[in-house]
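Have the sequence and the model open side by side as you read.

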Amino acid sequence: MKVTVFPSTLSGKVFVPTSKSIAQRVVACAVMAQGETRISHFPKSDDCQHALEIARSLGAVVRLDNEQWVIKGGYPFNFQSDIRQPKGVLFCGESGLAARMFSPIAGLWHDEIVVEGAGTLVKRSMQTLEEWLPQLNVKIKLKDQCLPARIQGPMDGGKVLAEVVHSSQFVTGLMLAGAVTKKGIELEIEKVPSSGYVDTTIAVAKKFNVHIEKLPTGYWVQGGQKYKSIDVQVDGDWSGAAFLFVAAALCAEDGLLIQGLSTEVPQADQAILEVLKLARVRVEEEKEGFRVYASKIKGFQFDASDCPDLIPIL
């Protein structure tokens, strides 16, 4: 395919697609929330659809009602007649977040659950699961440190000692699962890459009345907590919005209004606002969104360690 890009200008307004990252975290919490969680503005991406199927496979009842996804979960109270027992396989497609987040959650169940993937996901290392889950009395078997993962709980909770972790997604799954264990989970680790994405997890869990604490030496989540079902709207995706911000900074002489973003649930890629400030780009926050104007961009220095998704556009 050949694509030709011509010099152009941007104007008007644009609504940002919703966040796949937040949506998948909401689904994970909803699986463990007793009662019905209603989710609006849910993305239609493959990753998010796989998350819904995983929720079904774990025993939740999932249905679409007037453009809202409704998830009736309730671990560990999922032995009601209208809540199915988990199936043996969780298929994640090519979603690394789904694989790394739902694997610890699968460890809550007594029965063996197999986590599978497709495409490049089956070549990505899951060694961290092999190092962490046995410390919590969860059995796990990988294929050459990759998926499929055979996981069997129940998870007791306790302390996990970790020298290094290659993805914050493992932390997300561990903390979300730890809230419903008996002992809770303390993760002792020196540094978590892209820790801003864990902040997103903490904020989403808080919406469901679950509290995760950030410590100087890692993270702690108290056990015995109960996820509360809620009505929730998925926020706009700051990662995708970054491309629009930069495009507007280059060629929106009259300004481009970017809508659909929120700062209520922190997203690591909100740092694009800091970058634009460093680059002397004119950005005005309005009631309806952010208006960005073409500007004479200055050179800048910025550490993107905590928001690596911004690197391509920067």
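## About the model

This is a predicted model, in which local features need pLDDT of at least 70 and side-chain atom pairs count only at pLDDT 80 or more, while totals for chains, interfaces and linings use all residues. Residues are numbered from 1 along each chain as its sequence is written, and side-chain values use heavy atoms, with hydrogens and water left out.

## The open sheet

Let's start with the strands. An open sheet is formed by 4 strands in the order β9-β10-β12-β11, with mixed pairing. Strands (E, at least two residues) and helices (H or I, at least four residues) are DSSP runs numbered from the N terminus, and two strands pair if DSSP finds at least two bridges between them. The edges belong to β9 (158-162) and β11 (212-215); each has a single partner strand, so one side of each is left without a neighbour in the sheet. From one strand to the next, the twist averages 15°.

β11 and β12 (residues 218-221) run antiparallel and are joined by 4 bridges. Within β12, Tyr-219 stands opposite Lys-214.

## Helices on the sheet

Helix α5 (residues 168-178) packs on the sheet and touches β9, β10 (185-189), β11 and β12; contact means heavy atoms within 4.5 Å. The direction of α5 makes about 155° with that of β10. Axes here are lines fitted to C-alpha atoms, for helices over the stretch in contact, and angles run from 0 to 180 degrees between N-to-C directions. Helix α6 (residues 196-207) lies across β11 and β12, at about 150° to β11.

Thr-201 has its place in α6. The residue is buried, with a relative accessible area of 2% (buried means under 20%, exposed over 50%, partly exposed in between, using a 1.4 Å probe and protein chains only). Leaving aside residues up to four places away in sequence, Thr-201 touches Arg-25, Thr-172, Leu-176 and Ile-212.

## Helix α1

Helix α1 (residues 20-31) is mostly covered, as 10 of its 12 residues are buried,. Among the buried ones are Arg-25, Val-26 and Cys-29.

## Cysteines

How many disulfides does the model have? The count comes to 0, where a disulfide is a pair of cysteine sulfur atoms within 2.5 Å. For Cys-48, the closest cysteine sulfur is in Cys-92, 13 Å away, too far for a bond. Cys-48 counts as buried, at 0% relative accessibility.

Note on methods. The expected span of a helix is 1.5 Å times one less than its number of residues.
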